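Student: Hi, I have a model open and I'd like to go through it with you. Could you take my questions as they come?

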Amino acid sequence: MSWKKGIRWCGVAFAFACLASCQVKRPGEVLSDEKMEVVLYDYHVAKALGEQLPYNENYKRVLYIESVFRKHGITEAQFDTSMVWFSRHPEAFRTVYEKVNARLKAAKDQVEDLIALRDNKPKESQPGDSIDVWAWEPVYHLTGMPHDNRVLFELPSDPNFMERDTLRWNVRFNFIGGGAEHSRDTLYAPVMGLQVVYAKDTLLYALRPVLQPGWESLSVSADTMGQIEKVSGFIYYPRQASGRILLADSVSLMRYHAKGDTIQVVDSVQQKQPVVSRTLHTRSSARLKVNP
């Protein structure tokens, strides 16, 4: 071997020695990435639960944290040692916390879904135009008997609602059982109503009797009333002598953003009965547009 080759091999050996010395060595008492991930997840959940405690139960915060250590079979000293080591190795810490944050976000979304289901309140609507913001059941059976003769909803506004939005409520109706003698009797006819409350103390609403099976639709929009505060509506089905059941299905509540000077919307739902519409306001004058 020539002296030049010897120098070259010495350089390669030195480089490998440097790489070996630069590798991260984790002490045995430091938790692995996988273990640290599950411990940190439970640790943050326990911290969040402790923050919700009343002042006279603050002592339970320590118990919550200790329960995490017992659950995973570690000590507080081992947790603290692991936190110190990870804080000195930010790349490893970042990788672990990205996974922890993803798990926390998924858990938060699940909790919000459960709360919305419990309180019968929708989550924030999706952004964009031509969005169905209906957040409840798509099918309803109404008998006309007390406690089973109406559908009510209230949808609060959120940042995805814009001024001059059009709200269109679409429902398909059908009558099940009984005769057809009351199909056009307004005394027994179901009624659907839609109303929008605006920030300027103004209310717009539209009503429609449902006299025969098929699609019905109500639309409300305004161009000078400002931001929408909430949208609400109802279907009321009075008790019938014929004992028919009212089936309301394929329910949707479409929200359309205005485009330029246009706020009217045309879709495939055909209106068969006239709409009774009103504008109630205290401080503003506005135009009501009900789409045919």
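Student: Is W85 buried or exposed?
Tutor: W85 counts as buried because its relative accessibility is 10%, where buried means under 20% relative accessible area, exposed means over 50%, and partly exposed lies in between, with a 1.4 Å probe and protein chains only. Please keep in mind that this is a predicted model, in which local features need pLDDT of at least 70 and side-chain atom pairs count only at pLDDT 80 or more, while totals for chains, interfaces and linings use all residues. Residues are numbered from 1 along each chain as its sequence is written, and side-chain values use heavy atoms, with hydrogens and water left out.

Student: And what about F86, buried or exposed?
Tutor: F86 is buried, because its relative accessible area is 0%.

Student: Which ring pair do W85 and F86 form?
Tutor: The structure holds 10 aromatic pairs, and W85 and F86 form one that is edge-to-face, with 5.0 Å from centre to centre and 85 degrees between the planes. For this, rings of Phe, Tyr and Trp (its six-membered ring) pair if their centres lie within 6.5 Å, and planes under 30 degrees apart count as stacked, over 60 as edge-to-face and the rest as tilted. The rings of F86 and F93 have centres 5.7 Å apart and planes at 40 degrees, so that pair is tilted.

Student: Is F93 buried or exposed, then?
Tutor: F93 is buried, since its relative accessible area is 16%. Ring pairs link W85, F86, F93 and Y97 into a cluster.

Student: Okay, helix α4 now. Why does its length make sense?
Tutor: Helix α4 covers residues 76-87, and at 1.5 Å a residue its 12 residues should span 16 Å, which agrees with its end C-alpha atoms being 16 Å apart. The expected span is 1.5 Å times one less than the number of residues, and helices (H or I, at least four residues) and strands (E, at least two) are DSSP runs, numbered from the N terminus.

Student: Which residues of α4 are buried?
Tutor: The buried residues of α4 are F79, S82, W85 and F86. They lie on the same side of α4 because they cover an arc of only 125 degrees around the axis, the arc being that of the directions from the helix axis to the C-beta atoms. The face turned away from the buried side carries the exposed residues E76 and A77.

Student: What does E29 touch?
Tutor: Leaving out residues up to four places away in sequence, E29 touches Q78, T81 and S82, where contact means heavy atoms within 4.5 Å. E29 lies in the loop between α1 (3-22) and α2 (33-51), and its C-alpha atom is separated by 7.5 Å from that of T81, although the two residues are 52 apart along the chain. E29 counts as partly exposed because its relative accessibility is 43%.

Student: Switching to strands: which strands does β5 pair with?
Tutor: Strand β5 (residues 191-198) is joined to β8 by 8 bridges, and these two run antiparallel, while 8 bridges also join β5 to β6, again antiparallel. Two strands pair if DSSP finds at least two bridges between them. Q195 has S232 as its bridge partner in β8, and Q195 stands opposite Y205 in β6, whereas G193 stands opposite F234 in β8.

Student: How many residues lie between β5 and β6?
Tutor: β5 and β6 form a hairpin with 3 residues between them, and D201 in the turn has a positive phi of about 55 degrees. β5 is mostly covered, as 6 of its 8 residues are buried.

Student: What does β3 join to?
Tutor: Strand β3 (residues 150-156) is joined by 7 bridges to strand β8 (residues 228-236), and the two run antiparallel. P156 stands opposite K230 in β8.

Student: Last topic: how many residues are in the largest nonpolar core?
Tutor: The largest nonpolar core has 34 residues, and those with the most contacts inside it are W169, V231, I235 and L253. Such a core is a set of buried Ala, Val, Leu, Ile, Met, Phe, Trp, Tyr and Cys residues joined through side-chain atoms within 4.5 Å. Its largest share, 5 residues, comes from β4. A second, separate core of 18 residues includes L31, A46, F69 and A92.
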